[in-house]
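Could you walk me through this model in my viewer, one selection at a time? I would like to know what to pick next and what I will find there.

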Amino acid sequence: MFVELLVLLLTVAVVWDYLVGRKHSKYFDKAGIKGPFRWPVVGNAPMMLKETPKTVFDLQWRLIQTHGKNIRFQILQDRGLMTADPKMIEAIMSSQQTIQKNNLYGLLVNWLGDGLLLSKGKKWFRRRKIITPAFHFKILEQFVEVFDQQSAIMVKNLYDRADGKTVINMFPVACLCALDIIAETAMGVKVNAQLQPNFPYVQSVTTASAMLAERFTNPAQRLDVFMRLFFSSAFAELNANIKTMQDFTNGVISERRDLLQKSMADGTYEASNAASQDDVGQKRRMALLDVLLQSTVDGAPLSNEDIREEVDTFMFEGHDTTTSSIAFTCYLLARHPEVQARVFQEVRDVLGDDKNAPVNTQQLGELKYLECVIKESLRLFPSVPIIGRHIVEDTVLDGKLIPGNTDVMILIYHAQRDPDHFPEPHKFVPERFSSERKGEINSFSYTPFSAGPRNCIGQKFAMLEMKSTISKMVRHFELLPQGEDVQLVLNIILRSTTGINVGIKPRVY
Ligand code: HEM
């Protein structure tokens, strides 16, 4: 009786799976999109059981070799498409119809709420319009001083280990610097992460980021209900850290709103520079949140909670991403002395021989070769190696009808190492991005900041920050190829399980 019941249940499940998946199969077959063998009901889930965040890039590479640059997949009842095809990437990134994120991003919702990264539809559109002016060149220009000051602290802290032999993992070093930078520019407060890494807010950002990365990679931790049942203390710790961060952000927002209202009441308010002077009469820099405090939607100001979501989104998006890129660029420079020598020469030519002289926006703009180096580093080691979308309705993309309710994974990492678009794809060649070779790179085979309406709003900010920190490193130190090579792992952003190692020696000039 039991066996008969089991057979009946299995038959019902298989038939149900067939009926539910029929449309996807029909559309994908018609579009010529193939994929690995799918089991009834569970799809490709069994194949994924033996994979880890370390093997996922190899797996995707094998799938591309076998099935082409567009691959269909199914994990339980989530049906989807992976793509490393620039034409398909262009169609997805350029369309307003395909800007919704997929379910996996939901893991971030407790921290980031409905901020720019996660929001959808009209809400996203309105927010994007309001937030865009916060990244205007005039505002970014003021931040260059912060980038410079915090990079100076970073190098000062490194001198202790600058014996040419000690192995330095650049990830945690760059991370604290990036945290100081984003806290001061987004919220207008110094959290002194580099000087006091134990400050509760700093600890909470680093702990929560690591715990969320773990949830992304560990399927058993995906659902809140499983977290509550099987990982209750980790879940409580994560939520406590999120609360610490949100309380901190809320406190800063209330303080800055009071300041703004006070300056409006006493007549000292200037529309473009709400917080122009602080208590000791020093010119105060406008933070990203000041722009949001002055913004209105249909005549009404944004609430503290609206602003909190956006500021927390900047904190999340704006520190690990730049950290990863700064660390990988230092790693590549250490292992390519000829490239490093050229960067050093350029840095000396543009910034002069006083290592401690502050830099300005114009000088950073003149570091053209360094920019090629950073771009090439982001090609080989994109901080965000995969992005996800959810296609809600049937949509034609690159001439292929893709069914609604499809998850999409854009394989940025693989698209950027595609030999059809990048000769010697695994080689570090910054000259690929030189102005003489402009136009050689297909824009949608290289998308470290995504592209189209949902691209990275912070990319100019990030480029200035990276140029500032990396040029500071090269001005002070010769970077040496010490320590183990990187072992890439996908952990929300691109990391390395062996560290992102260099050695450093002070430069004498
Ligand atoms: C090397 C540094 C960075 C890289 C490689 C990077 C990359 C990206 C990518 C690929 C996306 C699209 C994500 C998706 O579609 O799911 C994105 C979105 C975003 N980034 Fe960045 N990012 C960097 C730095 C920053 C910084 C410094 C900030 C803020 C100060 C920032 C703020 C954002 C925001 C708010 C979004 C969401 C935009 C939207 O959906 O409208 N990013 N970033």
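Start by selecting Glu424, which is exposed, with a relative accessible area of 52%. Since this is a predicted model, read everything on this tour as computed from predicted coordinates. Glu424 sits in the loop between α18 and α19. Check its backbone torsions too: phi is near 45 degrees, a positive value in a residue other than glycine. As background, most residues other than glycine have a negative phi.

Now jump to Val41, in the loop between α1 (2–31) and α2 (45–49). Val41 is not a glycine either, yet its phi is positive, at about 70 degrees. Is Val41 buried, exposed or partly exposed? With a relative accessible area of 25%, Val41 is partly exposed.

**The four-stranded sheet**

Next, colour β1, β2, β9 and β6. These four strands form an open sheet in the order β1-β2-β9-β6, and the pairing is mixed. The edge strands are β1 (70–75) and β6, each pairing on one side only. From one strand to the next, the twist averages 25 degrees.

- Strand β2 (residues 78–83) and β9 run parallel and are joined by four bridges. Pick Gly80 and you will find its bridge partner, Asp407, in β9.
- β6 and strand β9 (residues 406–411) run antiparallel, with six bridges between them. Here Ile391 stands opposite Thr406 in β9.

Stay on strand β6 (residues 386–391) and show its side chains. In a regular strand the side chains alternate between the two faces of the sheet. In β6, Ile386, Gly388 and His390 point one way, while Ile387, Arg389 and Ile391 point the other way. How many of the six residues of β6 are buried? Six of the six are, so the strand is largely enclosed by the rest of the structure.

**The three-stranded sheet**

Hide that region and select β3, β13 and β10. They make an open sheet of three strands in the order β3-β13-β10, with antiparallel pairing. Why is one side of β3 and of β10 left without a neighbour in the sheet? β3 (168–169) and β10 (477–480) stand at the edges and each has a single partner strand, so one side of each has no neighbour there.

For a detail, zoom in on β3 and strand β13 (residues 501–506), which pair in the antiparallel sense over two bridges. The bridge partner of Ile168 is Val502 in β13. Then bring in α19, which lies across β10 and β13 and runs at about 100 degrees to β10.

**Where two helices cross**

Two packed helices are described by the angle between their axes and the distance between the axes. For helix α17 (residues 368–380) and helix α19 (residues 459–476), the axes come within 10 Å and cross at roughly 110 degrees. The two helices are therefore roughly perpendicular to each other. To display the contact, select Leu370, Glu371, Ile374, Lys375 and Leu378 of α17 together with Met463, Met466, Lys467, Ile470 and Ser471 of α19. By class, that contact has six nonpolar, one polar and three charged residues.

Centre on Met463, in helix α19. At 13% relative accessibility, Met463 counts as buried. Leaving aside its neighbours within four places in sequence, Met463 is in contact with Glu371, Ile374 and Lys375.

**Last stop**

Finish at Cys456, in the loop between α18 (412–415) and α19. UniProt lists Cys456 for "binding site" in an unreviewed entry. At 26% relative accessibility, Cys456 counts as partly exposed.

Technical notes:
Residues are numbered from 1 along each chain as its sequence is written. This is a predicted model: local features need pLDDT of at least 70, side-chain atom pairs count only at pLDDT 80 or more; totals for chains, interfaces and linings use all residues. Side-chain values use heavy atoms; hydrogens and water are left out. Axes are lines fitted to C-alpha atoms, for helices over the stretch in contact, and angles run from 0 to 180 degrees between N-to-C directions. Angles under 35 degrees count as roughly parallel, over 145 as roughly antiparallel, 65 to 115 as roughly perpendicular and the rest as oblique. Contact means heavy atoms within 4.5 Å. Ala, Val, Leu, Ile, Met, Phe, Trp, Tyr, Cys and Pro count as nonpolar, Asp, Glu, Lys and Arg as charged, and the others, Gly among them, as polar. Buried means under 20% relative accessible area, exposed over 50%, partly exposed in between (1.4 Å probe, protein chains only). Two strands pair if DSSP finds at least two bridges between them. UniProt positions are given in the numbering used here, feature names are shortened, and annotations may be inferred rather than shown by experiment.
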